[in-house]
Amino acid sequence: MSSLSPAHLSLADLAPGRRGCIVRIDAAADDAFMLRIMELGFVPGQHVRCVKSAPLGDPIEVRIMHYNLCIRKSEAAKIFVETI
Amino acid sequence: MNAAAPAAPTVRPVIVVAGNPNTGKSTVFNALCGTRQRVGNYPGVTVEKKIGLARLPGAGSADVVDLPGLYSLGAVSPDEQIAADVLMGRVPVSEDRRSREAVHRPDLVLFVLDATNLQRNLFLYTQIAELDLPVVVALTMTDLLGGARMNVDVGALKERLGVPVIPVIGRRREHLDNLRAEIAAALEPGCAVTPELTLDFPAPVEAVVGDLRERMNDQGVRLSGFEARNLLLNSRHPLQERIAVTEAGDAILNDVRAKVRALDFNPSSLALARYKWIDGVLAGVEQREKNQAGEGRSSSDFSSRLDGLLTHRIFGLAGFAGVMYLVFQSIYTWATPFMDLIEEVFGSLSGFAGTYLEAAPMLQSLVSDGLIAGVGSVVVFLPQILILFLFIAFLEDSGYLSRAAFLMDRLLGWTGLNGRAFIPMLSSFACAIPGIMAARVMPDPRARLSTILVAPLMSCSARLPVYLLMISAFIEPHFGAGIAALTLFIMYGVGPIVALPFAWFLNRGVLKTPAIPFVLELPPYRWPDPLNVLWRALEAAKKFLMRAGTIIFALSIVIWAMSYFPRPEAVADNIHARYDAMIDAAESESAPVELRDDPESTDFASDNVSIVADLRTERDNAIASAYLEQSYLGRLGKLVQPVFAPLGFDWKISVGILGAFPAREVIIATLGIIYNAGSAVDEESDDLKSRMAAETRPDGTPVYTPLVALTLMIFFALCSQCMSTLATVWRELNDWRWAAFLFVYMTGFAYVAGLAVYQIGRALGYQ
């Protein structure tokens, strides 16, 4: 994996309340799930905000394209954002 | 591609209603069709097909098919797959009345668009637009725009999309009239408007797409741009198997995929291209008030504030427990008066049968003890099913269920399931049948399968009477009310404690369920449409009645026959010989009729009258019990008793257990008969309890000790004793072998657990 600039981190590591701009999705071309994630709006350039994590730690709630959804940290780890 | 074919006279036009989940599709559908709707099935899958009839201005009408909500034609669940298949014309939506030919192409797509969530909603629109179908857009949630501090220029939207866009709010007359008018206009031959859009896909990819489509066309396989692009990207995509691919086709696919890989393009560029187009459409059309962070407000501040509470670290879980408690309480408490009413009705029916069929005792028994009692024991659950489904529909439509799945996902994730599985499991605490049906929301078939296979382990309401009987008769007297309550709680806990590890084993070990990604939208909280909620509850209740009713009806006859035949007269004669002498003696001692007016004598007379009546009842109960012992069921009980001996059960308990296999509730009545208390007992009968407590084994020790009671309850908790559940599992999974597996594994668990409990108890010195 190429070295990340300090402002890049995975969505799983984005602190609650912080916003990021998506730079890259790490997914194999035939990863049907990640394709679905992209279809749901997780595309480069899109803003995403971490809202909170579930009381038991997983999954996390994020806000993107004016709607909220929850995603497990293991999947969020494949989405890379630049904090803004 | 040609425009929509004009509606042939023998076929009503078919409209399909498509859109994202949570957009109010069902409300639009209900408003269009009213009560003229029914539920059917798509061939080969258990997804429900909702079809209605819409009356259009100008004396026309159209069939309307409400498709399951989907986020993209690249489906990930069976529900989404069916919706995508219908849209892409791979599944028939109707048939020509005259020629009986299946009609594959819908005449119109009614696309439901949520005004507060345009950006993501339009993604699906861009895909549907590639299918060359006429589209009319119903714009919902426009009344929530104010609360979201946003504005949508409907006219501009209509212009940009190029198709009719009609705001639709609930049941507002003018909106519906507009919608109907636009639909009618769109169905006019030659007037349909097909969306046109140009998407900016990377040119090299588009070249390969074009190549693929051309070559597959030569093979006789027609692919839309959408399908071709998806096939290119994803070799594990469901489309691969569904499109008939020959060896030549396979070679073509491998070739184009290699080309794409050589291009080294980013898969997100396809999604990006669509969203770029959407941004273009929405510029100037959608205006949002920005907050300090520069983002648009959430579509309801109320929602985020409520979530501050409901998904809070502490209050969220407490709130969840509160809601679950409320659901449970309502099922047990509010349902009771209705259940009592049903029991009374069936009791009266039984009485009528008794009177009218007195002349034919066998027929009377069949109808009364077999059919009415059997079917009645299932119908009695109807109020609980209704209440449960009302709650589920309300919680789902309001948006709370996604929050609950969000909270519970961690608890379920380690087993290979996910947060969505908790509703089927929760429902199963009332009754496994709606729980199993509710598993349809799970996208991954293997996770759905394991959910369905462990849901029946949850202690359903039919087990409760057994728990109550055993605990009140044999635990509470020895250990007090506190331990009794704890025992009940533990019995309920047995279900999840066994189910979760077993689910883990099923998923990881047997089914090799892939780690399922879990992504769930958390829609804004909304007031559910009451008619929608009611309709869904009624549909579920109807299903329950029909499924349980047919199987139980058949089985009631079988069980009745096994407990009725053979009926050797000699048995009754013996008992008659014993009792009749006593009854005659008692009767002859009763005072003559004239003395009944004398107060003192009345007591004496009525005493005797009641002695006679008691003797008669005792005699009849003894006869019933003796017949049962002689019957096939009784003999079977004695036959299998050695199997149950290591669990501490005697032959009478074995008969009870055997009789309960088709339906658990039956055991109480069976025990009633065996212990001469009559069949009209319930779990509160002191008569039954005292008789059971008095039962002794050949060596003089009591049959029912707390240990035996506990063993029996644990056996009952885990054993598969519900034909309706097995039938439902069969139907939901389209495979009898899973139902058989369910039966075998649960009964096996029950036996082993019962054995362990009893033997360990004995080893520890208990009786």
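This is a predicted model: local features need pLDDT of at least 70, side-chain atom pairs count only at pLDDT 80 or more; totals for chains, interfaces and linings use all residues.

Biologist: How much area do chain B and chain A bury between them, and how much of it is on carbon and sulfur atoms?

Modeller: About 3800 Å², with 58% of it on carbon and sulfur atoms. The contact draws 50 residues from chain B and 36 residues from chain A.

Biologist: What makes A:R72 and B:D409 a salt bridge?

Modeller: Their side chains meet at 2.8 Å, N to O. The cut-off is 4 Å between a side-chain nitrogen of Lys or Arg and a carboxyl oxygen of Asp or Glu, so the pair qualifies. Across the interface of chain B and chain A, the rule finds 2 salt bridges. As for polar contact, 13 residue pairs between chain B and chain A count, both residues at pLDDT 80 or more.

Biologist: Which element gives the largest share of the side of chain B that touches chain A?

Modeller: That's α15(B), with 6 residues. Sorted by type, the residues on this side of chain B are 21 nonpolar, 17 polar and 12 charged.

Biologist: Now B:R463. Why is B:R463 called buried?

Modeller: Buried means under 20% relative accessible area, and B:R463 has 1%, so B:R463 counts as buried. You'll find B:R463 in the loop between α18 (445–454) and α19 of chain B.

Biologist: What does the side chain of B:R463 reach, and how do you know that it is a polar contact?

Modeller: It reaches the backbone oxygen of B:A717 at 3.0 Å.

Biologist: Which residues touch the most other members in the largest nonpolar core?

Modeller: That core has 106 residues, and the ones touching the most other members are B:F422, B:V454, B:M470, B:F649, B:I653, B:M692 and B:Y704. Helix α19 (residues 464–510) of chain B gives the most to this core, 18 residues. Apart from it lies another core, of 98 residues, among them A:L40, B:L87, B:M88 and B:A273.

Biologist: And what does B:M692 touch, not counting residues up to four places away in sequence?

Modeller: B:M692 touches B:L469, B:M470, B:F474, B:L671, B:Y675 and B:Y704.

Terms used
Residues are numbered from 1 along each chain as its sequence is written. Chains are lettered from A and ligands numbered from 1 in the order in which they are written. Side-chain values use heavy atoms; hydrogens and water are left out. A nonpolar core is a set of buried Ala, Val, Leu, Ile, Met, Phe, Trp, Tyr and Cys residues joined through side-chain atoms within 4.5 Å. Buried means under 20% relative accessible area, exposed over 50%, partly exposed in between (1.4 Å probe, protein chains only). Helices (H or I, at least four residues) and strands (E, at least two) are DSSP runs, numbered from the N terminus. Contact means heavy atoms within 4.5 Å. Buried area is the accessible area (1.4 Å probe) that two parts lose on being put together, summed over both. A polar contact is a pair of N or O atoms within 3.5 Å; within protein, one must be able to donate a hydrogen and the other to accept it, and residues adjacent in sequence count only if both atoms are side-chain atoms. Ala, Val, Leu, Ile, Met, Phe, Trp, Tyr, Cys and Pro count as nonpolar, Asp, Glu, Lys and Arg as charged, and the others, Gly among them, as polar.
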